[in-house]
Structure formats: structure tokens, C-alpha cells
Amino acid sequence: MTSQLIELGAIILGLGLLGAVSVRFSISPIPLYLLAGLAFGSGGILPLTTSEEFVSLGAEVGVILLLFTLGLEYTPDELVATLRTSAPIGLADLALNAAPGAIAAVLLGWGPVAAVALAGVTCVTSSGITAKVIGDLGWLGNRETPSVLSVLVFEDLAMAAYLPILTALLAGAGLLGGTLTLLIAAATISVILWVALRHGTVVERFVASPSQEVLLLKVLGLTVLVAGLAEQLQVSAAVGAFLVGIAVSGPLAHDARQLITPLRDLFAAVFFVFFGLHTDPTELPPVVGIAALLAVAGILTKSATGWLAARRAGVARTGRLRAGTALVPRGEFNIVIAGLAVTAGGNSRLGPLAAAYVLILAVAGPLLARAAEPLAQAVRMRRSTAGS
């Protein structure tokens, strides 16, 4: 127990010091957290030995709280309106971003099942990292942010259909088994959506309390419980947490946000470290070239998705650029998809390739997002100079 406390204390203190560095140099702390995890994970400089279980659970809670606090920013009516208008963009997002992975697997001769898996790896934006970037850069109130969130929600809902199909393909399951899993996932999403959209006031009354302590415990417990149940039923935990945030609207949302924010920041930092801890640096060099090419393609396709989504919402060029860069990061879900494929006996290089790809974009995404506004401003100045 003593060694666990020492490791845990060292991790949290280290995160604080890295956060201080990021504040000092006005950069996102996410790349620093990821690199720290890489240094102290499997194959790193000094691997952690006793606190892995806590870090793993803390990472899951971090993603859940990030998405819950995003959900607090929007009402059920806003969600419905956004999802109704986002279907064309969502489908374009899936097509644009799944294609590079599928094509790469075919060209590498990995077979059709690996192509389906790698398509999922290149397709999905990291909700956790994007949520953190939007919050850190103060973009929550921007006009393009609902467009970004609609893409994230659409992707997560699409993943609820994709994962059962992928699992069935990997296991060689029949049509009946895959269809049953898919129906369970669809029913779960429908129930959560119905409660969030139609009975949000019941949820609010349930969690409301004059005591901040009681309110915190109720909100945290309900969010983690719903996210866990959603994941158990083959639905992304992020979707469940996001919809709980949608259900807790009105004045209660302000109080819940203030109470949850410190916990969210702590566990979000743990999530990024956890991601780095599970990436073995020694496995990355053989696949880093392919990963870099896929990363460049991913930056272009996600930027196009964000640009189209923001333009459809009538957002100006700067907002479109912000939306595109916000969607660039990949993260935890991409690694989960690759892990499923490798565990089921897929190509052994798929795991390291996914790790290198995700690590590149998890670092590049926040840096590109921070550079979006200065870049847009430089382009405007250049055009005005050329016009004069």
C-alpha cells in the first residue's frame, strides 16, 4: 500500500508540474501528459509497477467526465436539432476518414477483416482529447462548437453499430449473432436518448439537492453508472455520459459543472497518461512511416469534415478552421478497436501501427488547434495586403 501511495503521489505531482510548464509556455498540457506516460510505461525509462489499476480506472472516469461536462452545455432541444441536421456531414465524416485505413490495410495485404478494423482506427476522433482541447482553448461558446459535437455524437452512435459488426467478423460469428448484438446496442441507445430527451426534468429532480456534497455524489454516481451500463451493452460509455449531461440542464447544470470540473481535470490528466503508459516505444519504429502517412491523411480528412460541418452551420472561415483542427486528435477508442483485432488473432502489426498513428495525432491535434486562430489571422492579413 505504501508503494502504491508513493507512485500515485508521484504521478499526480508530476502532472501538476507538467501542467505548470504548459501554463508557463502557453501550450496544451496534453502532449506533455502523453509523453510522460510513454516514458513511464511498458518499455519506457522507468515503468510504473503498483498503481496501474488505479490509473486504468481513473482514465475511464476521465473520459466519462469530459463528455458529461460537454453534455451540460446543451439542452435536449439543441441536441435533437443538431443530430437532425448533422446526418449528411456525419456520413461524409465516416466515408472520408474510414477510407485511408481500409485502403492502407488492402495495400499492405492484411485482408478484408483487418481493413474493416483499420478503417475504424482511422475514422474516430478522440472525444476525450477534443473535449479537453475545446475547454482549454475557451471554444465552448463558439458558433462552430455544436457542429463539432454533432460529429462526435454521430461517430459514437455509428460506433455502436460498428463494434458488434467488427466483433462478429473477428470471431467468425454468424449473421444471427451479429444482428442480435447490434439490436441490443440500438435498444440501449434508444432508451438513454428517450430518458435524456423526454424525461430530463425527472433526472434533474432526482439529482437536485441544496447540499453541494449530496449533489456531487448523485451527479457523479449517476454519470458513471449510466456510462458503465451503456458500455456493458455494447454502447460507448462516452455516449451515455454525454446524454446524462444533456438531461441535467437548466440552473442545475451550472452547479453540477462547478462541482465536477476539478474532478474532471484530475481524471482527464490521468487518462492521457494512461494512454501513454500502454504504448511500448520499442514497437513503434517499424511502423512509424506508415503511421505518419496515415496521420497526414487523417489531418486532411478531419479538417475537411470540420470545415464542411462549420460551413453548413454558417460559420466564418476562422471558425471552420477551428472546427477542423478540433476533430484531428485520435485516442482511446482507436486503440480499443486495434486491440480487439489483435486479440482475435489479426495482424500483429495492427496494434503498434494504431498506437503510433494515435500518438502522432494525439500530440499534433492540440498543437494544430492552438495554431488555428493565428493561422487564420495570418491568412486574412496576407489577403488584405495583397488586395491593397
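**Helices, salt bridges and burial**

Author: At 11% relative accessibility, Lys132 counts as buried (under 20% relative accessible area; exposed is over 50%, partly exposed in between, with a 1.4 Å probe and protein chains only). This is a predicted model, in which local features need pLDDT of at least 70, side-chain atom pairs count only at pLDDT 80 or more, and totals for chains, interfaces and linings use all residues. Residues are numbered from 1 along each chain as its sequence is written, and side-chain values use heavy atoms, with hydrogens and water left out.

Reader: Which residue forms a salt bridge with Lys132?

Author: A salt bridge here is a side-chain nitrogen of Lys or Arg within 4 Å of a carboxyl oxygen of Asp or Glu. The closest N and O atoms of this pair are 3.5 Å apart. The partner of Lys132 is Asp136.

Reader: What separates Lys132 and Asp136 along helix H6?

Author: Helices are DSSP runs (H or I, at least four residues), and strands are runs of E with at least two; both are numbered from the N terminus. Lys132 and Asp136 are four residues apart in H6, so the separation is about one helical turn.

Reader: Is Asp136 buried or partly exposed?

Author: The relative accessibility of Asp136 is 36%. Asp136 therefore counts as partly exposed.

Reader: Which residues share one network of salt bridges with Lys132 and Asp136?

Author: Arg264 and Asp265 meet through their side chains in a salt bridge, at 3.0 Å from N to O. Asp265 has a relative accessible area of 31%, so this residue is partly exposed. Shared partners join Lys132 and Asp136 into one network with Arg264 and Asp265.

Reader: Where in the chain are Glu155 and Lys302?

Author: Their side chains meet in a salt bridge, 2.3 Å from N to O. The pair links distant parts of the chain, 147 residues apart. Glu155 is in helix H7 (residues 145-171), and Lys302 is in helix H13 (residues 288-312).

Reader: Are Glu155 and Lys302 buried or exposed?

Author: Glu155 has 2% relative accessibility, so it counts as buried. Lys302 is at 0% and therefore also counts as buried.

Reader: How many salt bridges are there in the whole structure?

Author: The pairs Lys132 with Asp136 and Glu155 with Lys302 are among them. A search of the whole structure gives a count of seven.

Reader: At what angle do the axes of H3 and H6 cross?

Author: Axes are lines fitted to C-alpha atoms, for helices over the stretch in contact, and angles run from 0 to 180 degrees between N-to-C directions. Helix H3 spans residues 52-71 and helix H6 spans residues 127-136. Their axes come within 9 Å and cross at roughly 55°.

Reader: Which residues in H6 meet H3?

Author: Contact means heavy atoms within 4.5 Å. From H3, the residues are Leu66, Leu67 and Leu70. On the H6 side they are Ser127, Gly128, Ala131 and Lys132.

Reader: Which residues does Leu169 contact beyond its neighbours within four places in sequence?

Author: Leu169 is found in helix H7. At 41% relative accessibility, Leu169 counts as partly exposed. The C-alpha atoms of Leu169 and Val116 are separated by 9.0 Å, and the two residues are 53 apart along the chain. The contacts of Leu169 are Val113 and Val116.

Reader: What share of the protein is buried?

Author: The secondary structure comes to 16 helices and zero strands. Of the 388 residues, the buried share is 48%.
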